[in-house]
Amino acid sequence: MLFSSITFLIYFLPCMVLVYFLAPGWMKNTVLLLGSLIFYGWGEPKYLPVMAAVILAGYLSARLIGTCQNKRQSKILLSAAVLLEIFPLIYCKYADFFIQNLNVLTGQKIPLLSIAMPLGISFYTFQVISYTVDVYRGDVPAQKNLLTFAAYVAMFPQLVAGPIVRYSDIRSQLENRTHSVEKCAYGIRRFVTGLSKKILIANVLGELIGQFQASEEKSVLFFWMYAVAFMLQIYFDFSGYSDMAVGLGVVFGFDFPENFRYPYCSASITEFWRRWHISLGAWFRDYLYIPLGGSHVKPVRWIFNIFLVWMATGFWHGAAWNFILWGLMYAVLLLIEKAWLLPYLKKHKIVGHLYVLFFVLIGFVLFDASSVADFWDCIVSMFGGGQIKPVTTESLYYLKSYAGIILTAVIGATPLPVRLYGRLQKKKGLKQTLDIAEILLLVMLLLLCVAFLVDGSFNPFLYFRF
C-alpha cells in the first residue's frame, strides 16, 4: 500500500486513526502493529513471514545478549545475530548480483534465482541490526515485550522507506506517549506537505523523465533537462515520503528523526551528506565507520575505512556496479575535501554550491543508469559527444512545457519559502490571516493530490526499490 494512493488516503488511514484513538492506552501498540501488518501485507502478503522472521531474530538475539554476562560469548552472539538478521536481505537483494559476477569471472552458467525483493527490507533490517548492537553495547535494555518490539519494527509510517528510526530514539514513546490536537495538526501539515511534494512535483518531473526516455531525438539540452529533472525528482520523492512518515509518526505520538535538511544548499559534499538521507548516513557512521576505527587510525587505514563505508553505502542502494561506483565517487570527493579542499570551499561558498550541484547531478545520473556503459553514454551526450544535436524542436517544446515545474522545484528545494512565511508571520496582524490561509491551502493541496491520484497512473516512491 502506498501513502500516495486512494486506498491509503480514503480508507486505510481514516480507519486506522479512528481505531487507534478509540483504543485504550494499553492496546495502542497492538492496534499499531495490526494496522502495520495490514498495510505491509496489502499488496504482498507473502513477504510478511520474511519481516516476521527478522523481527523474531532481533527480539530473541537481543534477549540472549541482554542476559549474557560473558563478554566473549556476547560478542559471539552478536555476530551470529547480525548474520541471521541480515541473511534475508543478502539473499533476496544480492544473490543474483553475486551469481552474475561469478558467472562472468568463471565462465559458468549458474541460473539466476530471480527473487523479488521484499518491500522495505533494507530499512527494517538496518533497524533491527542497530537495536541488537545497541543492546550489546548496553545503550538500551532488551525489550521484553515481543508485541512492543514488533510494533517498533513494523510501524507503517516508516516501514518501507525510512527514515531509519533507532529503537533508542523512540524507546520511551513505545511505552508512554502523549497525543494532542496541536501535535495532530502539525502531523497532518507535514503529511500533506510531503504528499504534495510527491504528487504535484516529483510525479510531474517523472513525466518529463519519461518523455526523455521515450524520445528518439535526444539532444544535449534534453540530456541536461533529464539530469536536472531526476536530481529534483529524487529529492522531492524521497523527502516527500520522509515528511509523510514524520507527520504520521507525530499523529501517533512518535518523534521520528528528520531525514533531509535542504541538501542542495550545501557548499561541500561533506555538508551535503549531513543533510541528505541523514538517518542512513548516521547509521553507517555509528555502526560501521566508528567500529572500524573511524578517523582515529593510521592514514592508510582511515582511507580504507572511508572507501569501505561508502562502497557499502552505494551497495545498500542497489545490487549493481553503478551503485557501488556512485558510493566510491563520494568516497573520493570526501577524501579530497578532508585532505585540502574543505578550507577553500568554506571561504568561497558560491564556488562550493556550484561544485556540489555539479557532482551531485553527475552522481544521480550514475545512480539512475541501468549500467555503467549507459551512464558513460549519457555523460558523453551531456557534453556534446556522440554526434547529437545541441538543441531540437522536441527538447525546446518540453523545456517550455516543464519550465514552470522545474523552477517551482528549484525554489522548493531551498529554505526560501519557509523563511518568507516565517517573516510574514512575525508582522503584526498577519499571523491569524496566515493561519487561516495555511489551512485553506492544505485543504486545497490535499484535494488537488486526490484529484491527481484519481486521474493519474501508478507512481511508486523511487526509494521503494532499495
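Which exposed residues sit on the face of helix 7 turned away from its buried side? They are Ser-172 and Glu-175. Here "exposed" stands for over 50% relative accessible area, "buried" for under 20%, and "partly exposed" for anything in between, with a 1.4 Å probe and protein chains only. Helices, by the way, are DSSP runs of H or I with at least four residues, and strands are runs of E with at least two, numbered from the N terminus.

Now for the buried side of helix 7, which covers residues 167-175: Tyr-167, Ile-170, Gln-173 and Leu-174 are its buried residues. Look down the axis of helix 7 and these buried residues fall within an arc of 130 degrees, so they line one face of the helix. That arc is taken from the directions that run from the helix axis to the C-beta atoms.

## What you're looking at

This is a predicted model, where local features need pLDDT of at least 70 and side-chain atom pairs count only at pLDDT 80 or more, while totals for chains, interfaces and linings use all residues. Residues are numbered from 1 along each chain as its sequence is written, and side-chain values use heavy atoms, with hydrogens and water left out.

## Salt bridges

A salt bridge here is a side-chain nitrogen of Lys or Arg within 4 Å of a carboxyl oxygen of Asp or Glu. By this rule, the count is nine. Take Arg-189 and Glu-438, whose closest N and O atoms are 3.1 Å apart. Arg-189 belongs to helix 8 (residues 181-214) and Glu-438 to helix 18 (residues 431-455), so this pair ties together parts that are 249 residues apart in sequence. Arg-189 itself is partly exposed, at 30% relative accessible area.

Arg-190 forms a salt bridge with Asp-243, the closest N and O atoms being 2.8 Å apart. Since Asp-243 is in helix 9 and Arg-190 in helix 8, the pair ties together parts that are 53 residues apart in sequence. Asp-243 counts as buried too, at 11% relative accessibility. Arg-190 also meets Glu-258 in a salt bridge (2.9 Å, N to O). Glu-258 sits in the loop between helix 9 and helix 10, and Arg-190 in helix 8, so here the parts tied together are 68 residues apart in sequence. At 28% relative accessibility, Glu-258 is partly exposed. Salt bridges with shared partners join Arg-190, Lys-197, Asp-243 and Glu-258 into one network.

## Rings and charges

A pair of aromatic rings is described by the distance of the centres and the angle of the planes. Rings of Phe, Tyr and Trp (its six-membered ring) pair up if their centres lie within 6.5 Å; planes under 30 degrees apart are stacked, over 60 edge-to-face, and the rest tilted. How many aromatic pairs does the structure hold? There are 63. One of them is the stacked pair of Phe-222 and Tyr-398, at 5.6 Å centre to centre and 25 degrees between the planes. This pair links distant parts of the chain, with Phe-222 in helix 9 (residues 220-251) and Tyr-398 in helix 16 (residues 393-412), 176 residues apart. Both Phe-222 and Tyr-398 are buried.

Trp-276 and Phe-364 make a tilted pair, 5.3 Å centre to centre with 50 degrees between the planes. Again distant parts of the chain are linked: Trp-276 is in the loop between helix 10 (269-275) and helix 11 (278-289), and Phe-364 is in helix 14 (residues 349-368), 88 residues apart. Both Trp-276 and Phe-364 are buried. Some rings have a charge over them, meaning NZ of Lys or CZ of Arg is within 6 Å of the ring centre and within 35 degrees of the ring normal. The charged end of Lys-71 sits over the ring of Tyr-136, 4.6 Å from its centre, and that of Lys-93 sits over the ring of Trp-316, 5.3 Å from its centre.

## Two residues with positive phi

Ser-114 isn't a glycine, yet its phi is positive, at about 50 degrees. Ser-114 is in the loop between helix 4 (71-106) and helix 5 (121-137), and it is exposed, with a relative accessible area of 61%.

Tyr-262 isn't a glycine either, and has a positive phi of about 45 degrees. You'll find Tyr-262 in the loop between helix 9 and helix 10, partly exposed at 25% relative accessible area.
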